Amino acid sequence: MPLSWVVATSAILFGLGLYGALSLRNAVRILMCIELMLNSVNLNLVAFSRYLHPDQPRGLVLAIFIMTVAAAEAAVGLAIFLTIARNRTDIDVDKIQLLKG
């Protein structure tokens, strides 16, 4: 598979994630779109690492680090959104002004 296909796929995924994060109002969907953007960056890191330095796992290690940070971000974000959802009927980001209940 050529590198340009991987970069194009990653760009499309990042664009979809960016569009979703900027246009959606539901907090969980925004979080999912941010995860999509992080995974597109991971795809680029692994692809460039594979094509530029196939014998060194630099890109793979950095991708694993980003996946770890993304998992922590998702856990904290979901905990915040679940707390907000328990106190309100919806989790529209336009209506959430304070983190107080």
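Contact here means heavy atoms within 4.5 Å. Keep that in mind for the close-ups below, which all come from a predicted model.

View 1. Is N42 buried or exposed? The cut-off for buried is under 20% relative accessible area, and N42 comes in at 7%, so it counts as buried.

**View 2. Helix 1 meets helix 2.** Two packed helices are described by the angle between their axes and the distance between the axes. For this pair, helix 1 covers residues 3-23, and its axis comes within 8 Å of the axis of helix 2. The two axes cross at roughly 165°, and the helices are therefore roughly antiparallel to each other. As for handedness, the crossing of helix 1 and helix 2 is left-handed. Which residues do the meeting? On the helix 1 side, look for L3, V6, V7, T9, S10, L13, F14, L16, G17, L18, G20 and A21. Across from them, helix 2 brings I30, C33, I34, L36, M37, S40, V41, L43, N44, A47, F48 and Y51. Sort this contact by class and you get 18 nonpolar residues, 6 polar ones and no charged ones.

**View 3. A21 shows the meeting of helix 1 and helix 2 up close.** A21 belongs to helix 1. Leaving out residues up to four places away in sequence, A21 touches I30, C33, I34 and M37. E35 makes a handy landmark here: its C-alpha atom is 9.9 Å from that of A21, with the two residues 14 apart along the chain.

**View 4. Helix 2 pairs up with helix 3.** Helix 2 runs over residues 27-52 and helix 3 over residues 58-87. Their axes come within 9 Å and cross at roughly 175°, so helix 2 and helix 3 are roughly antiparallel to each other. What kinds of residues make up this contact? There are 17 nonpolar, 4 polar and 3 charged residues in the contact of helix 2 with helix 3.

**View 5. Six residues form the largest nonpolar core.** In soluble globular proteins, nonpolar side chains tend to be buried together. In this model, the largest nonpolar core is made up of A27, L31, F81, I84, I91 and I96. At least two of its residues come from helix 2, and at least two from helix 3. Zoom in on A27 and you'll find it touching F81, I91 and V93, again not counting residues up to four places away in sequence.

View 6. R25 is 66 residues away along the chain, yet the C-alpha atoms of I91 and R25 are separated by 8.1 Å.

**View 7. V69 is a partly exposed residue of helix 3.** V69 is found in helix 3, and its relative accessible area is 44%, so it is partly exposed. How far is V69 from K95, going by their C-alpha atoms? They are separated by 27 Å, and the two residues are 26 apart along the chain.

Notes. Residues are numbered from 1 along each chain as its sequence is written. This is a predicted model: local features need pLDDT of at least 70, side-chain atom pairs count only at pLDDT 80 or more; totals for chains, interfaces and linings use all residues. Side-chain values use heavy atoms; hydrogens and water are left out. Axes are lines fitted to C-alpha atoms, for helices over the stretch in contact, and angles run from 0 to 180 degrees between N-to-C directions. Helices (H or I, at least four residues) and strands (E, at least two) are DSSP runs, numbered from the N terminus. Angles under 35 degrees count as roughly parallel, over 145 as roughly antiparallel, 65 to 115 as roughly perpendicular and the rest as oblique. Ala, Val, Leu, Ile, Met, Phe, Trp, Tyr, Cys and Pro count as nonpolar, Asp, Glu, Lys and Arg as charged, and the others, Gly among them, as polar. A crossing is left-handed if the near helix is turned anticlockwise from the far one by less than a right angle, and right-handed if clockwise. Buried means under 20% relative accessible area, exposed over 50%, partly exposed in between (1.4 Å probe, protein chains only). A nonpolar core is a set of buried Ala, Val, Leu, Ile, Met, Phe, Trp, Tyr and Cys residues joined through side-chain atoms within 4.5 Å.
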